[in-house]
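This briefing is for a reader new to the structure below. Please look over the sequence and the model before reading on.

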Amino acid sequence: HTALVLSLLGIISNVVSVDKSVTSEAVQYLRSHKSSEGSWKPVQHTYSTPYPDTTLTEMGCTAYIFHGCALAGIIFDDTLAWLKENLFKHRVDPTTVALALDGLASLNLHKTTHKIFCENIRMILLYDQKPSGCWGDDNGSSLSGVIESTAYSIIGLVHAFPEDREVLQAVENGINYILNNRRGTGWSSTRDTLYASWALGEAGAILWKAKPSSMSLILNGQVINQFQYKPDENPIQALDTLYQMRQMYIDNLKLGDNTIEMKSSNLRANMMMEVKKYLPLHMNKHKSSEATSELHATWDSRQYTLGSEANLRIDVQPEHTLNALMVEIPIPSGFTLSSLESCVHLPSEYWHKEQNINTNNICCFVSLLDVSVSIRVQLIAHLPGKVQANPSRAFEMYHPDGVGVSEMCQLEVV
């Protein structure tokens, strides 16, 4: 986290004034925790899952901190020497080599003293790119998943070799992979969305040039939307046109088959179609056909006296082995948490001990789950009245489309 904040301060210092004492203290902190060989080791290990692995390896931790410092214009010579000695032993992890490459490019060292080292990283990244255009796999990185690894690789390559045709083709393939693997208007996690957007911005400035273009959206042979983009017109109008082109809604489909066409001139675009089904209000909208787990919430009663205990039991049965499962339990209005007895029927090695509990929600985290979970929550009814107990949710981290949701119910405190 310190390296991440340091990198951000270094980048924004080109625009606004940053107190140098703050960055100096951050650098000193990082230096004090660096090993004598120049590397950083993870502070503690909590649990291990194939993806994402929060128990960072020594290589992953060192590459990440080196990159953060480099973005702030800072280099530790012993760290760079350690990376050069050990980096290629970990070439299965594209994130680490991409971070090293981008760090050196940020320091403008990729064309001088470390040119050969960067050329070797270039060859590795080009060789390791998958036919689909991505880098990495779900088990390959100590730092990130496929989208994030691909974004790091794109950023490093485009910064270090912006005029290399082979690199630019690989970058374009990577960008297409990122665009084709969106979920709605973003990606499957906040981190993925952050770094994917960063990669698009860095690569887009080199790959694409604004030019007059047009696009038409045609439904069943009839033009329902048409745009003319003129980059030389008023910047606000041009931006608004791009925004409208980026997200269009079709809500007048007919029963049976429909044909949707896109026609364009001087325009290359990745199109994603999202189909949403709206159910009548009387139907149960809290069940998902794509659920990765079955979830039941059982209250010991529907009516409680003021000051009495209310017991809620959450049972989760995964449909398959889950790398990381998040269970969210809303606390109804008028109730306060008394105790949380978790994992009653779950072996302790599965459970991540740090639950996130606040006044209106409980979040529990389980890793590498292939058995059922039973969570018991004890609450105190302290306000009279009728309240709605909202559904609890269980979903696999980074795969939010598959959600197990319990029924909501009405509770009364008298």
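The notes below cover the chain as a whole, then its cores, helices, strands and single residues.

This is a predicted model, in which local features need pLDDT of at least 70 and side-chain atom pairs count only at pLDDT 80 or more, while totals for chains, interfaces and linings use all residues. Residues are numbered from 1 along each chain as its sequence is written, and side-chain values use heavy atoms, with hydrogens and water left out. The chain holds 10 helices and 15 strands; helices (H or I, at least four residues) and strands (E, at least two) are DSSP runs, numbered from the N terminus.

**Chain as a whole**

- Of the 414 residues, 43% count as buried; buried means under 20% relative accessible area, exposed over 50%, and partly exposed in between (1.4 Å probe, protein chains only).
- Among contacts in the chain with a separation of 6 or more, 70% are between residues 24 or more positions apart; contact means heavy atoms within 4.5 Å.

**Nonpolar cores**

- A nonpolar core is a set of buried Ala, Val, Leu, Ile, Met, Phe, Trp, Tyr and Cys residues joined through side-chain atoms within 4.5 Å.
- The largest nonpolar core has 46 residues, of which L101, I121, L125, I154, L157 and V171 touch the most other members.
- Two or more residues of this core come from each of α3 (58–71), α4 (77–86), α5 (94–106), α6 (115–128), α7 (146–160), α8 (165–180) and α9 (190–207).
- Helix α7 gives the most to this core, with nine residues.
- Leaving aside residues up to four places away in sequence, I154 touches W135, V171, G174, I175, I178, A199 and A203.
- A second, separate core of 25 residues includes L295, Y304, I331 and F335.

**Helix α5**

- α5 has 13 residues and reaches 18 Å from its first C-alpha to its last, close to the 18 Å expected at 1.5 Å a residue; the expected span is 1.5 Å times one less than the number of residues in the helix.
- This helix is mostly covered, with 12 of its 13 residues buried.
- Its buried residues include P94, T96, L101, D102 and A105.
- The buried residues of α5 pack against α3, α4, α6 and α7.

**Helix α10**

- α10 (residues 235–246) has 12 residues and reaches 16 Å from its first C-alpha to its last, close to the 16 Å expected at 1.5 Å a residue.
- Its buried residues are A238, T241 and M245.
- Seen down the axis of α10, these buried residues fall within an arc of 60°, so they line one face of the helix; the arc is that of the directions from the helix axis to the C-beta atoms.
- They pack against β1 (213–219) and β2 (222–229).
- On the face of α10 turned away from the buried side are the exposed residues P235, I236, L239, Y243 and R246.

**Strands**

- Two strands pair if DSSP finds at least two bridges between them.
- Three strands form an open sheet in the order β5-β15-β12, with mixed pairing.
- β5 (303–304) and β12 (385–389) stand at the edges with a single partner strand each, so one side of each is left without a neighbour in the sheet.
- β5 and β15 (residues 409–413) run parallel and are joined by two bridges; Y304 has V413 as its bridge partner in β15.
- Strand β6 (residues 309–318) pairs with β11 (residues 373–381) in the antiparallel sense over eight bridges, and the bridge partner of D315 in β11 is S374.
- The covered face of β6 carries A310, L312, I314, V316 and P318, and its uncovered face E309, N311, R313, D315 and Q317.

**Single residues**

- E148 lies in helix α7 and is buried, at 2% relative accessible area.
- The side chains of E148 and R191 are joined by a polar contact of 2.6 Å; a polar contact is a pair of N or O atoms within 3.5 Å, and within protein one must be able to donate a hydrogen and the other to accept it, with residues adjacent in sequence counting only if both atoms are side-chain atoms.
- A81 is in helix α4 and is partly exposed, at 44% relative accessibility.
- Most residues other than glycine have a negative phi.
- N108, in the loop between α5 and α6, has a positive phi of about 60° although it is not a glycine, and N108 is exposed, at 53% relative accessibility.
- N220, in the loop between β1 and β2, has a positive phi of about 50° and is partly exposed, at 33% relative accessible area.
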